[in-house]
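Dear colleague,

I am handing over the structure we spoke about, so that you can look at it alongside the notes below. Please open it first and then read on.

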Amino acid sequence: MMALDWLVLSAEALPIPSPDPLGLAAPPVLLQALAYLTFTLHILAVDFTLGGVLLSLWARWRKLPGHASMTRFWRLSTPLGFSYLVTFGVPPLLFLQVIYGQFIYSSSVILGAMWIATVPMLIFAYGALYLHKLSHEARPRWQLPVLLSSAIVMLLVGFVLVNNITLSMVPERWAALYHASPGGVSSNLGEPTLFPRYLLFMSAPFVIAGMVMVMVGAVLKRWKETEKARQFSSLGWSSMVLGRFLLVLTGALLLWSLPPEIAAKVSAGGMETLFFALGLLLAMVSTGLVFQASRLARLDLSIAALVVASLEAAAFIMLRDQVRLDYLAPHFQLNELTVNAQWGLFGLFAVSLVVGLVFLILVTIRVARGLLAARAQ
């Protein structure tokens, strides 16, 4: 950590490293597009996994009608969701480092121990989900504490990530935080948007997991398991409504906690307004679709709701990045970055990405059919 002695600077300067002198391998707009795509996939995997764990805990604790079928479905599917969470979490982190490297590296070093701790925490949470899956018959008493521990650790990892992201956007706080804790055990608890951002991200899992349960209910209805279908759809719809309520509440809290000059841009008619309005429109459409899907037990409507919700997530992710650029505007401009395009390597990456996504979609469909077929007797 002593290598960070360069943080001792004059009052007129901020401890912001220079961008990578090698430049970007592609224009920023392409890197941003790939970051949006991969981060959307990551967030969907997070919402599916964390939301599934929370709903499974709720169904088990409340002993809801059909809770055995619900917990069985999530017990089999959440380890797979966690693998997607990790896999899709790497590319957006790499794109973040490429575009905003001098900011995210600095905040990561200042957080230090907290940031490094996310690796063993993720391993623990992943292992706990597999232990929960494999020990349900041999160790039934372990089920609740193991699943609860995985949920708590996932929530802690999310809190660390939001800490890092918020700290990366306020370089004027870096020197004070570093000098307060040169050993790398600082946090960004003084950031007004920290808890609203965290609560906003932790609300979305109820929406996505609820939509998945409505979709499973539609499948069960096709299989003539009417009562199980009703139970899945009922909890799924309730979860989705709760998630939407929490998103509205925490979204309003986040807007209120933003610096006034940045919050004003959401209604100023620029890109922020466009992404915000698009996200709200898609949220209303997806909510209407999932309502009809839960009422009519239609698989096509539930799939359409998930697709629209995914586009909604992408819109708000773009809004989030635009807000980041607004924060960093006094210190950083995308159009000022050096670009040394390497189109051959970029093309190879793009082809690999497309092939990988197609393969993943096919595998996911196949695995999903197996998970649905493995429903409780």
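This is a predicted model: local features need pLDDT of at least 70, side-chain atom pairs count only at pLDDT 80 or more; totals for chains, interfaces and linings use all residues.

Residues are numbered from 1 along each chain as its sequence is written, and side-chain values use heavy atoms, with hydrogens and water left out.

Most residues other than glycine have a negative phi. K63, however, is not a glycine and has a positive phi of about 50 degrees, and it sits in the loop between helix 1 (28–62) and helix 2 (67–111). Helices here are DSSP runs (H or I, at least four residues), numbered from the N terminus. A297 likewise has a positive phi, near 55 degrees, in the loop between helix 10 (271–296) and helix 11 (299–328). K63 is exposed, with a relative accessible area of 62%, whereas A297 is buried, at 17% (buried is under 20%, exposed over 50%, with a 1.4 Å probe and protein chains only).

The largest pocket holds about 1300 Å³ of space, and of its 34 lining residues the closest to its centre are Y84, M215, L306, T364 and I365. A pocket is an open set of points on a 1 Å grid over the protein atoms alone, where a 1.4 Å probe fits, with protein on both sides within 12 Å along at least five of seven lines, and lining residues have an atom within 4 Å of a point. Helix 12 gives the largest share of this lining, nine residues.

With kind regards

Terms used. Helices (H or I, at least four residues) and strands (E, at least two) are DSSP runs, numbered from the N terminus. Grid points are joined across faces, edges and corners, and a volume is the space filled by probe spheres set on the points.
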